[in-house]
Amino acid sequence: FSDEEIKQAMERLTGEIIQVPPMYSAVKVNGKRLYEYARNNEAVKRPERKIRVDYFKQVKASIYDPLKKQQTLFFEVGCGKGTYVRTLAFDLGKILGVPAVMSDLTRLKSGGFTLAESVTLSELEVAVKSDGLEKYVAPIQTALASYPQYELSDKQWQLVKNGGFLAPKYLKNINTANKVVLNYAGKVRALYYYDKTKKLFRAEQMIDLE
């Protein structure tokens with residue numbers, strides 16, 4: 001396949017798309033994981049799910065083996081949670097009309113942290129022994145930096161620390177589709193989400209109530 005053919009096929013798998021999770025996955029159907037059905041050779045209808053793929057692109061030229069009649073692609077994907085990249089590779093093959101499998105995967109970024117920021121277990125061991133572990137510990141704000149932030153008033157803080165709800169009118173600039181980080185007195189206090197049934201923001205995770 002030419003680079004242009006591959007590019008066009010990859011572009012068809014970007015944006016909001018429907019994906020069927022692989023049988024060997026932890027998705028639950030009727031209370032059982034899909035991999036449990038797979039191990040028992042049981043047939044089950046896998047649920048479709050909507051996922052988001054921001055980009056799907058080649059990062060270097062593909063390699064073609066004329067003896068095996070096999071083409072190896074090197075790609076990078078930017079995607080939302082719940083995306084199975086091996087299924088993305090499989091679906092790319094379907095579009096191109098050939099069998100496809102993913103042979104290797106490296107996570108480059110997750111939750112605001114990059115691969116470059118990772119440390120080895122041996123580095124952590126040395127840090128523990130030398131009382132230097134704090135240099136590897138990131139504040140909670142780092143993990144929550146991608147969420148919208150809201151500074152609580154004194155009155156709102158009294159509600160939040162008791163698990164109370166917040167009306168959307170107080171969080172005017174916060175999209176109800178997003179979770180929101182609630183801050184008070186310079187600290188992250190809670191992560192709230194919009195409850196569609198109550199039409200109020202409610203606690204998902206309480207973080208610092210002191």
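**Ground rules.** I number residues from 1 along each chain as its sequence is written. The model is predicted, so local features need pLDDT of at least 70 and side-chain atom pairs count only at pLDDT 80 or more, while totals for chains, interfaces and linings use all residues; side-chain values use heavy atoms, with hydrogens and water left out.

I looked up pockets first. A pocket is an open set of points on a 1 Å grid over the protein atoms alone, where a 1.4 Å probe fits, with protein on both sides within 12 Å along at least five of seven lines. Lining residues have an atom within 4 Å of a point. The volume is the space filled by probe spheres set on the points, and for the largest pocket I noted about 1,600 Å³. I found 44 lining residues, with F75, V77, V85, M102 and L105 nearest the centre. Strand 4 (49–65), strand 5 (70–79), helix 3 (85–96) and strand 6 (109–110) each give two or more residues to this lining. Helices (H or I, at least four residues) and strands (E, at least two) are DSSP runs, numbered from the N terminus. Strand 5 gives the most, 10 residues. I sorted the lining into 22 nonpolar, 13 polar and 9 charged residues. Here Ala, Val, Leu, Ile, Met, Phe, Trp, Tyr, Cys and Pro count as nonpolar, Asp, Glu, Lys and Arg as charged, and the others, Gly among them, as polar.

**Second largest pocket.** I noted about 570 Å³ for this one. Its lining has 16 residues, and R52, K81, Y147, A177 and K179 are the closest to the centre. Strand 4 supplies the largest share, 3 residues. By class I wrote down 7 nonpolar, 4 polar and 5 charged residues.

Which residues other than glycine did I note with a positive phi? N30 has a phi near 55 degrees, and A185 has one of about 55 degrees. N30 is in the loop between strand 2 (28–29) and strand 3 (32–33); A185 is in the loop between strand 9 (180–184) and strand 10. N30 counts as exposed because its relative accessible area is 71%, where exposed means over 50% (1.4 Å probe, protein chains only). A185 is exposed too, at 56%.

I also checked S146, in the loop between helix 5 (140–143) and strand 8 (149–151). S146 is exposed at 66%. S146 and G111 are 35 residues apart in sequence, and their C-alpha atoms are 8.1 Å apart.

Conventions. Buried means under 20% relative accessible area, exposed over 50%, partly exposed in between (1.4 Å probe, protein chains only).
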